[in-house]
Amino acid sequence: MAMSADKGLLTATLNEPSTSSSASSYSHDTGMEPGDQQEGFPRPTTANPFRRSRNGSTSAPWRRRPKSLVLGEQEFTRQLSELAIEDGHHDVNNDAPKSADSIKGKIRRASLSLKGIVRRDRRGSEPATDVVDARPTTSHSAWHKLRQAASFRHSRSSYGNHGNLETIYSPVEPDFPRFPVPGNGLAPPFIPRHTGAAAKASAAWQNEHLGVARYHQDLVSFPESQNDRESGIGIAIASTSQIDVQIEQGASVIRKDFITQLPSELAVQILSQLNAAQLATASRVCRQWYDAVQDQYVWRQSFLTKKTSTYATGLPIQPGTGSGVPSLLPGNNWQKIYRAREELDKRWKQGRQSRAVFLNGHMDSVYCQQFDENKIITGSRDKTIRIWDMHSLQCRLIIGPPEVVNDTSILFDATGHPTHFALYPDNQRINPSVPVTVSFPTHHSASILCLQYDDDILVTGSSDSTCIVYSVRSGYRPVRRLQCHSASVLDLAFDDKHIVTCSKDCSICVWDRATGTLLKHLNGHTGPVNAVQLRGNTLVSCSGDFTVKLWNIASGKVIRELTGHTKGLACSQFSEDGRYVASAGSDKVIRIWDANTGECIREIQAHESLVRSLHIDSISGRLISGSYDTDIKVFNMETGELLLDFPGWHVSWVLSAKSDYRRIVSTGQDSKILIIDFGADVPDVRMLESTRKHEGTSDICDAGFI
């Protein structure tokens with residue numbers, strides 16, 4: 001009965017139709033018949049191990065292998081014995097042909113199983129265990145992940161794409177494993193091939209591997225992967241400090257001796273980009289570098305690069321213009337020139353090591369002055385104009401009315417000593433002189449209140465309400481008189497085309513420089529016009545009516561009025577490029593204006609009394625001020641910072657204060673001319689001067705006065 005029952009069960013099993021439409025045909029991968037199905041193993045239901053979780057992590061199912069999950073030798077023996085029993089049953093079965101076919105299929109399947117086991121053993125698999133049914137059932141187990149690796153029932157890929165493959169279930173016999181088996185050692189996991197899942201799993205693994213690699217390469221989490229990667233939005237950037245640390249630790253410094261490897265022309269061009277201190281350091285590297293640095297072209301180019309920039313001139317300093325950049329001559333020692341300029345700039349910054357000297361000779365207040373590298377020209381209340389040699393500190397010429405210049409007291413004191421000499425602060429007299437005196441038919445009969453000169457002309461304005469134009473090249477002989485004002489001429493300015501004068505009569509006159517013709521008579525101020533200056537076609541003026549006005553010379557119209565001062569103004573200045581205006585007066589405040597907008601960009605609480613004089617050094621950006629409080633101060637135009645202060649150098653009001661790259665020169669009510677020389681005792685400082693002839697002496701000699 002038992003044999004009969006087993007036979008009936010086997011027949012029913014073999015004749016049972018397949019219920020899976022996806023496995024209706026013969027599987028060439030496994031050799032299984034349709035209708036073969038294994039019983040006794042429930043289908044595990046677990047989540048897809050390749051499906052990305054919400055936190056963006058990905059599990060690799062081949063990294064962890066559960067133990068005792070591979071078909072062991074005992075299991076294989078048991079299945080083989082079952083096949084032998086079934087063969088015996090089929091011998092007594094009346095349905096012999098069908099049984100024979102079934103037995104052949106079973107033997108073929110057993111043979112394939114045996115080959116698979118032997119193949120795994122040859123690949124170095126670990127000893128198998130006989131615990132076949134110990135299948136983990138949790139959704140996080142490694143077995144579950146391997147089970148899902150053989151399945152293609154994924155709604156989405158690991159990066160969110162929709163899957164197109166569904167799981168294919170094929171009926172299997174009890175003697176063939178229907179579930180994936182983890183690999184042992186270096187062997188890969190065993191995946192049943194009867195469903196074609198091996199190729200599909202391999203493709204899925206490859207796609208997943210590429211996706212994981214892309215994920216680690218991008219270094220972004222799942223939420224960040226949804227950003228627009230093309231735009232760079234949401235991409236984390238490493239801090240600069242982190243980058244610097246990596247460079248310091250991993251990068252090696254490349255050292256190349258470009259002096260010896262590059263052509264000398266290129267090496268010189270590179271070295272010329274260094275400043276003086278860097279060149280001095282480079283010269284100590286080796287003999288080859290020292291020889292290269294000694295090239296005068298290197299020092300010349302470095303000097304012209306570092307020392308010709310300006311604050312408000314619009315162009316770099318042109319060589320040979322008397323601004324501390326000498327002419328480009330073949331014999332110049334540019335290394336010494338650079339060294340002298342560096343020392344000079346250092347003294348300006350520190351405010352020390354300057355030498356002060358007073359020039360004596362005028363008999364009353366000195367209202368106005370202008371100077372260059374070679375000479376100083378001054379105008380005084382004593383009605384005279386005096387020309388001084390900047391280097392010898394001697395007075396060379398006195399121009400004035402006959403009754404003044406013919407008086408011997410102008411040259412000698414009561415004891416017979418010369419009245420013109422230089423005086424150090426310790427009262428040491430040096431360089432006495434007896435200047436030439438001259439009087440022309442055209443002369444001023446009152447105080448000289450203002451003056452200006454260039455290489456061709458000198459123009460002076462006086463309390464006699466007139467101006468006189470002198471020819472510098474002909475020994476300061478008068479050329480013409482300009483007369484229009486009805487009161488004292490308080491200030492003047494000129495350029496290549498125009499001469500502009502202002503007066504106590506509240507008016508401004510514009511003259512033709514070449515002919516002396518009056519072109520414009522400007523009225524607009526309601527108080528005395530104390531200062532004027534022009535840049536191009538624009539004129540700036542300030543008045544006792546508290547205002548600063550900008551005029552268009554061509555039209556004669558006011559184009560802008562600058563208001564803000566609370567008292568009358570005494571002085572105003574234009575920067576050379578016309579961008580800035582500085583003004584000051586009785587309210588003790590210096591204001592810096594934007595000439596283009598009319599906005600007051602800076603307000604400096606400068607002095608304790610009326611600010612009588614202003615000078616803008618457009619090259620260095622220094623602003624020099626002189627006040628009735630006897631102080632001379634130096635400010636930074638850009639910041640308003642006080643750089644230097646020279647209190648009490650004059651014993652009375654400071655009436656005029658100006659500067660250049662080397663000196664500050666001021667005059668006052670005490671009849672003295674003060675020179676503060678920052679270049680005194682600087683080695684080779686005379687190399688910074690231009691090569692123009694000393695007009696202070698030569699023009700006077702050419703005129704026959706000496």
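A: Start with one caution: this is a predicted model. Now to a helix. The buried residues of α13 pack against α10 (276-282), α12 (296-306), β26 (622-627), β28 (642-646), β29 (654-659) and β30 (663-668).

Q: Which residues of α13 are buried?

A: Buried means under 20% relative accessible area. In α13 the buried residues are W334, Q335, I337, Y338, A340, R341, L344, D345, R347 and W348.

Q: How many residues does α13 have, and how far does it reach?

A: Compare the end-to-end reach with the expected one. Helix α13 covers residues 334-350, which is 17 residues. From first C-alpha to last it reaches 24 Å, close to the 24 Å expected at 1.5 Å a residue.

Q: What follows α13?

A: Look at the backbone angle there. G351 follows α13, and the phi of G351 is positive, near 75°.

Q: How many aromatic pairs are there?

A: Rings pair if their centres lie within 6.5 Å. By this rule there are eight aromatic pairs. Take W299 and Y338: this pair is edge-to-face, at 5.9 Å centre to centre with 85° between the planes. W299 is in helix α12 and Y338 in helix α13, so look at the sequence gap too: the pair links distant parts of the chain, 39 residues apart.

Q: Are W299 and Y338 buried or exposed?

A: Apply the 20% cut-off again. W299 has a relative accessible area of 5%, so W299 is buried. Y338 has 1% relative accessibility, so Y338 counts as buried.

Q: What kind of pair do W348 and F678 form?

A: Check the angle between the planes. Under 30 degrees counts as stacked. For W348 and F678 the planes are at 25° and the ring centres 4.1 Å apart, so the pair is stacked. W348 lies in helix α13, while F678 lies in the loop between β31 (673-677) and α15 (695-702). The pair therefore ties together parts that are 330 residues apart in sequence. Both residues, W348 and F678, are buried.

Q: Which residues form one aromatic cluster?

A: Rings can group beyond a pair. Here W299, F303, W334 and Y338 form one aromatic cluster.

Q: Where does the charged end of R622 sit?

A: A charge can sit over a ring. The charged end of R622 sits over the ring of W348, 3.7 Å from its centre. R429 gives another case: its charged end sits over the ring of F421, 3.8 Å from the ring centre.

Q: Now the sheets. How are strands held to one another?

A: Strands of a sheet pair through backbone hydrogen bonds, either parallel or antiparallel. Take one case: four strands form an open sheet, in the order β17-β18-β19-β20, with antiparallel pairing.

Q: Which strands stand at the edges of that sheet?

A: Look for strands with a single partner. They are β17 (529-535) and β20 (557-562), so one side of each has no neighbour in the sheet. The twist averages 25° from one strand to the next.

Q: Is β17 largely enclosed or left open by the rest of the structure?

A: Count the buried residues. Five of the seven residues of β17 are buried, so β17 is largely enclosed by the rest of the structure.

Q: How do I follow the pairing residue by residue?

A: Find the bridge partners. β17 and β18 pair in the antiparallel sense over six bridges. R535 stands opposite T538 in β18. Two residues lie between these strands in their hairpin, where G536 takes a positive phi near 65°. Next, β18 (residues 538-543) and β19 (residues 548-552) pair in the antiparallel sense over five bridges. The bridge partner of C542 is V548 in β19.

Q: What is the order of strands in the sheet of six?

A: Read across the sheet. The order is β7-β6-β1-β31-β30-β29, an open sheet with antiparallel pairing. Its edge strands are β7 (429-433) and β29, each pairing on one side only. Neighbouring strands are turned by 20° against each other on average, direction ignored. β29 and β30 pair in the antiparallel sense over five bridges. There, V654 stands opposite G668 in β30.

Q: Last, a loop. Where is D456?

A: D456 is in the loop between β9 (448-453) and β10 (457-462). D456 counts as partly exposed, at 34% relative accessibility. Leaving out residues up to four places away in sequence, D456 touches Y470, S471, V472, R473 and R513. The C-alpha atoms of D456 and R473 are separated by 6.1 Å, although these residues are 17 residues apart along the chain.

Conventions: Residues are numbered from 1 along each chain as its sequence is written. This is a predicted model: local features need pLDDT of at least 70, side-chain atom pairs count only at pLDDT 80 or more; totals for chains, interfaces and linings use all residues. Side-chain values use heavy atoms; hydrogens and water are left out. The expected span of a helix is 1.5 Å times one less than its number of residues. Buried means under 20% relative accessible area, exposed over 50%, partly exposed in between (1.4 Å probe, protein chains only). Contact means heavy atoms within 4.5 Å. Rings of Phe, Tyr and Trp (its six-membered ring) pair if their centres lie within 6.5 Å; planes under 30 degrees apart count as stacked, over 60 as edge-to-face and the rest as tilted. A charge sits over a ring if NZ of Lys or CZ of Arg is within 6 Å of the ring centre and within 35 degrees of the ring normal. Two strands pair if DSSP finds at least two bridges between them. Axes are lines fitted to C-alpha atoms, for helices over the stretch in contact, and angles run from 0 to 180 degrees between N-to-C directions.
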